[in-house]
Amino acid sequence: MISALQRWVTAHPDAPFIRTPYRTITVEDFYYSVVNRAQSLASTGFAPGSRLAVYSPNPLDTAELFFACQSAGLAVVPLPYGVPTPELEKLLEIVIPDGIFCQFQDRALFEKTNVQILSLEEQSPGPASCQTQDFQYASSPKDTCVILLTSGSSGKPKAVELSIDNFIASFDGWNSLLRFTKSDHYLCCLPLNHVGGLSIVTRAVLGGFPITLMAKFQKDQVSDFLTSGESSGDITLVSLVPAMLHILIDGRDKNPFHPNLRAIVMGGSAMPSGLEDQCLKLKLPIVKSYGMTETCSGVTGFYLNDSPDKRRSSGKPFAGVNIIVDNDQIIIQGKQVMKGYLNQTEAIGQFKTQDRGHLDEDGYLFIKGRSDDVIISGGENIRLSEIEAVVNQHPWISESVALGMPDDRWGEKLVVVITMNESITHPENIQEDELSEKLSRHCRKYLPGYKIPKQFIRIKSIPKTELGKVERKRLKGICFDEDNLLI
C-alpha cells in the first residue's frame, strides 16, 4: 500500500487526502509525515516482525504509523482509546507488544508493562521536506501489517493478523460493488482500531480519493456532513453501524441526506428489520454487507433499494470471494481472509465462521444466527436469534436480546431483555405484568410452547461495543444480582 501512496503523491501531490476538524491534509503532507515517522522508527531498533501498539485519541497518529511501520516490516496494533485500565491490560496481555506509542499524558497507563514506551510527541512528524524520499521496503505484501483485536463482546478478544494483501483484496472486493472514483469522498466516523474504520483509509489510498477523518462518531457533526449543512455536499460514501444510522434518521419524515451521498455502508452488527423498512421508505442508498475482522471487513453486499425483496439477506459474495455453506455453517474463502489469529495456525485463505445461514437460488446470503447462540432449556434446543426475531416484530419493542440464564428446573431459562419503542406514548405507564402478558401472547402466535420466554426484562438501553455489538456478558451482569438471582 505504500507503493500506492507513493504513486499518488508523485502524480497529484496537492490533492486533498484527509480532512479533519482542524485542517485539510494533502497527499504530500501525509506522505512526508509518514516518511518522517518511518525515519524515526529506523532509530528505535525494532526488528522486522515486531509489534508496536498505538494508543492515541487522534486517529491521524494511527493512520501515519500504519503506513510508516510497513517500511520497516513492523506490525501496528491499534488500541481502543479511553477504555478502562483493566480492559487495556487484558488486551496487552493478548498481543504482548514490543513497544507502545502514546501521548505523554498517557504514559502512566503503561509503566507497569515492562514494554518500551514511545511518546508520540517525540516521534511526531516534523515539517515536510522539499524533496521526495523513498521508502526502503522491508516488508512483503504477505507479512502482517496490522493486528486488530476483536471486540470480545461474548468472550475473550482475539488478535487478528491482517496483511497488505488482505487489504488489497478487500479493496478489490468492495470496488466490484461500489465502483470507487477519484471524485469520491468517504466519511470515516468509525474507530481505526476496528477494521471498518481502518479499511476506509486503505480504500482511499488504493482508490486515490479523499476522506474526512473523525476521532469518534458525533451525531450533530456527522449529520451536518451528510445533510444540507454548510460543510456537506462533497461526502459520497459513509460507513455506519445500525445504532448510528438509527440516531441520524430518528424522527425524520423525509430523506435526511444530501443527494451526493451514493452509499451508506452498513456493518458491525445485524440491521434490525424495522430499520431496514424505514430505510426503504426513505429511499436511502443503503448497502447491506456481511463480514468481520477475520475477513478484513465485508465479503458480501448489495444496494437495498435495488433488491428490496432480498432485504433480509446480506447480499451476494464480492468478486474474488467464495462462500460455502456446509451443514448451515458459513465458510468464507478468498484473499481477504486473515493470515490467522496471533500465535495460531494460519488460515490459508479460508475461514470457518460461527455463523449459520444459506445461499438462495440467486446467490444471496441469508444469516440465520450463530452456531453458539443455542441454549438447552428443559432438554429442548432454542436458538436465541429466532426468539429475538419474533419479539422484535411486536410494535412495542425497539430491540431485544435473548439470553439463557442458569435455572434449577430448566437447566437454562429463556429470558429476553427488551427496550421499548420510543414512539409508544408513556411507556413508563405500562406495567411489567401487562408487558409480559402482551409479549407472551405475541410469541405464542409464532413459537411452540417450549420457546416462549420465561421472563421479559425491560431496561433503558442495551449495552453494546463501540461498533454496536451487544455485550452479552455485561448484559447478564445487569440482569443478575450478587446472588445470581434475576432482578
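Helix α3 passes helix α7 in a right-handed crossing. The model is predicted. The axes of α3 and α7 come within 11 Å and cross at roughly 60 degrees. That angle makes α3 oblique to α7.

**Contact of α3 with α7**

- On the α3 side, the contact is made by Ala-63, Phe-66 and Phe-67.
- On the α7 side, Leu-198, Val-201, Thr-202 and Val-205 make the contact.
- By class, the residues of this α3 and α7 contact divide into 6 nonpolar, 1 polar and no charged.

**Contact of α9 with α10**

- Helix α9 covers residues 242–249, and helix α10 covers residues 273–282.
- The two pack at an angle of about 50 degrees, with axes 11 Å apart.
- That makes α9 oblique to α10.
- The crossing of α9 and α10 is left-handed.
- From α9, the contact takes in Pro-242, Leu-245, His-246 and Ile-249.
- From α10, Leu-275, Gln-278, Cys-279 and Leu-282 take part.
- The residues of the α9 and α10 contact split into 6 nonpolar, 2 polar and no charged.

**Nonpolar cores**

- In soluble globular proteins, nonpolar side chains tend to be buried together.
- The largest nonpolar core here has 76 residues.
- Phe-30, Phe-67, Leu-162, Phe-167 and Ile-332 have the most contacts inside that core.
- Helix α2 (residues 27–42) gives the most to this core, with 8 residues.
- Another core lies apart from the largest one and has 31 residues.
- Members of this other core include Leu-187, Phe-225, Met-244 and Ile-286.
- Leaving aside neighbours within four places in sequence, Phe-30 is in contact with Leu-5, Phe-17, Ile-18 and Ile-25, among others.
- Also in contact with Phe-30 are Leu-60, Ala-63, Glu-64 and Phe-67.

**Helix α1 and its cover**

- Helix α1 spans residues 2–11.
- Its buried residues are Ile-2, Ala-4, Leu-5, Gln-6, Trp-8 and Val-9.
- What covers the buried residues of α1 includes strand β1 (16–19) and helix α2.
- Helices α3 (59–70) and α7 (195–207) are also part of that cover.

**Pro-16 in strand β1**

- Pro-16 is found in strand β1.
- With a relative accessible area of 45%, Pro-16 is partly exposed.
- Pro-16 and Pro-210 are 194 residues apart in sequence.
- In space, C-alpha to C-alpha, Pro-16 and Pro-210 are 6.0 Å apart.
- Not counting residues up to four places away in sequence, Pro-16 touches Trp-8, Thr-24, Ile-25, Thr-26 and Pro-210.

**Two loop residues with positive phi**

- Cys-296 has a phi near 55 degrees, a positive value in a residue other than glycine.
- Cys-296 sits in the loop between β13 (286–292) and β14 (297–303).
- At 0% relative accessibility, Cys-296 counts as buried.
- Asn-343 has a phi near 65 degrees, a positive value in a residue other than glycine.
- Asn-343 is found in the loop between β18 (340–341) and β19 (350–359).
- Asn-343 is exposed, with a relative accessible area of 67%.
- In short, Cys-296 is buried, whereas Asn-343 is exposed.

Methods: Residues numbered from 1 in each chain as written. Predicted model: local features only at pLDDT ≥ 70, side-chain atom pairs only at ≥ 80, totals over all residues. Heavy atoms only, no water. Axes fitted to C-alpha atoms, helices over the stretch in contact; angles between N-to-C directions. Helix = DSSP H or I, 4+ residues; strand = E, 2+ residues; numbered from the N terminus. Parallel < 35°, antiparallel > 145°, perpendicular 65-115°, else oblique. Left-handed = near helix turned anticlockwise from the far one by under 90°. Contact = heavy atoms within 4.5 Å. Nonpolar A, V, L, I, M, F, W, Y, C, P; charged D, E, K, R; others polar. Core = buried A, V, L, I, M, F, W, Y, C linked by side-chain atoms within 4.5 Å. Buried < 20%, exposed > 50% of the residue type's maximum accessible area, 1.4 Å probe, protein only.
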